[in-house]
Amino acid sequence: MKVKNWVFTEQRAGNSMLPAGGYVCRIAGVEDVASREYVWVVYDVAEGEFAGRYANMGADEAWKHRFTRSYKDSAESMFEDFLSRLEESNRGRFSVAEWSARGCNPQAFVGLEIGLVFGEEQYTKNNGDDASRTVVSYVTAAQDIRNGDFKVPAPKDRREKVETAPTAAPSAGGSIYDEAIPF
């Protein structure tokens, strides 16, 4: 082990995962993936116990606190809902009509508030282990979060089911050890 003065090292804030629930968040960054017709929305918690949770994370850790919003034709109504929640959350600061008239630049979302509701899900990691995490389940107006007017969804199980090999049944004559070894 490396020799180091561990008494004076700065401790990292433990788990970056938020508990399931509703949070008033501020949009910290937006990346438009035009070739796939969606935006990555990077957020930080703006109010409450977890305010500023992600403030000290670098750009290489944005994946820990972002969600997507597709603007494909097939997802048009969901993107319109996202825009409406932005407008409701930022009266006098953001208007969908004005945003559209100015060319629909998603960078205009940076600094705006939004209500995010997180739900828990169980999933299977790439290495096959099962784990749990919280994910953005839906967006709502920031005022709805402040008023407690939201519902945390039930946990979802997205784990991959691994088929187990059937065990050999003993032969009618006795034990499985009675058969000849094939090598």
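User: Why does Tyr71 count as partly exposed?

Analyst: Its relative accessibility is 28%. Buried needs a value under 20% and exposed one over 50%, so Tyr71 with its 28% lands in between and gets the label partly exposed. Keep in mind that this is a predicted model.

User: How many aromatic pairs does a search of the whole structure find?

Analyst: The search comes up with 13 aromatic pairs. One of them is Tyr71 with Phe79, an edge-to-face pair.

User: What makes the pair of Tyr71 and Phe79 edge-to-face?

Analyst: The ring centres are 6.0 Å apart, with 70° between the planes. A pair needs centres within 6.5 Å, and edge-to-face needs planes over 60 degrees apart, so 6.0 Å makes Tyr71 and Phe79 a pair and 70° makes that pair edge-to-face.

User: And Phe79, buried or exposed?

Analyst: Phe79 is buried: its relative accessible area is 10%, and the label needs a value under 20%.

User: Why is the pair of Phe94 and Trp99 called tilted?

Analyst: Here the centres are 6.3 Å apart and the planes make an angle of 50°. Under 30 degrees would be stacked and over 60 edge-to-face, so the 50° of Phe94 and Trp99 falls into the remaining class, tilted. As for cover, Phe94 is buried at 6%, and Trp99 is buried with a relative accessible area of 6% as well.

User: Which aromatic cluster do these rings belong to?

Analyst: One cluster takes in Tyr71, Phe79, Phe94 and Trp99, and among its other members are Tyr23, Tyr43, Phe50 and Phe118.

User: How do you know that Lys64 and Glu61 meet in a salt bridge?

Analyst: The N to O distance between their side chains is 2.9 Å. The cut-off is 4 Å, so Lys64 and Glu61 with their 2.9 Å pass. Lys64 is partly exposed at 29%, whereas Glu61 counts as buried at 14%. By this rule the count comes to ten salt bridges.

User: What does the salt bridge of Arg146 and Glu113 look like?

Analyst: Its N to O distance is 2.8 Å. Arg146 sits in helix H3 and Glu113 in strand E4, so this pair ties together parts that are 33 residues apart in sequence. Arg146 is partly exposed, at 38% relative accessibility, while Glu113 is buried, at 12%.

User: Where do Arg158 and Glu121 lie, given that the pair links distant parts of the chain?

Analyst: They form a salt bridge in which the closest N and O atoms are 2.8 Å apart. Arg158 lies in strand E6 and Glu121 in strand E4, 37 residues apart.

User: Why does Arg158 count as partly exposed?

Analyst: Its relative accessibility is 48%. Exposed needs a value over 50%, so Arg158 at 48% remains partly exposed.

User: What joins Arg26, Glu47, Glu113 and Arg146 into one network?

Analyst: Salt bridges that share partners do that.

User: Where is Glu37 found?

Analyst: Glu37 is in the loop between strand E1 (21–33) and strand E2 (38–45). Its phi is near 60°, a positive value in a residue other than glycine.

User: Which patch does Glu37 gather in?

Analyst: A patch of negative charge on the surface, together with Asp73, Glu76 and Glu80. Patch residues need over 30% relative accessible area; Glu37 has 34%, so Glu37 passes that cut-off. At 34% it also counts as partly exposed, because the value falls between 20% and 50%.

User: What is the phi of Cys104 near?

Analyst: It is near 60°, a positive value in a residue other than glycine. Cys104 is in the loop between helix H2 (96–101) and strand E4 (113–124), and is partly exposed with a relative accessible area of 37%.

User: Where is Phe150 found?

Analyst: Phe150 is in the loop between helix H3 (142–146) and strand E6 (156–158). At 27% relative accessibility Phe150 counts as partly exposed. Its C-alpha atom is 8.0 Å from that of Thr140, ten residues apart along the chain.

User: What pattern does the chain follow along the sequence?

Analyst: The pattern is β-β-β-α-α-β-β-α-β, with three helices and six strands. Of the 183 residues of the chain, 31% count as buried.

Key
Residues numbered from 1 in each chain as written. Predicted model: local features only at pLDDT ≥ 70, side-chain atom pairs only at ≥ 80, totals over all residues. Heavy atoms only, no water. Patch = residues over 30% accessible without salt bridge, like charges linked within 9 Å, V, L, I, M, F, W, Y side chains within 5 Å. Areas by Shrake-Rupley, 256 points an atom, 1.4 Å probe, with all protein chains shown as cover. Lys, Arg positive; Asp, Glu negative; His and termini not counted. Charge placed at Lys NZ, Arg CZ, Asp CG, Glu CD. Helix = DSSP H or I, 4+ residues; strand = E, 2+ residues; numbered from the N terminus. Buried < 20%, exposed > 50% of the residue type's maximum accessible area, 1.4 Å probe, protein only.
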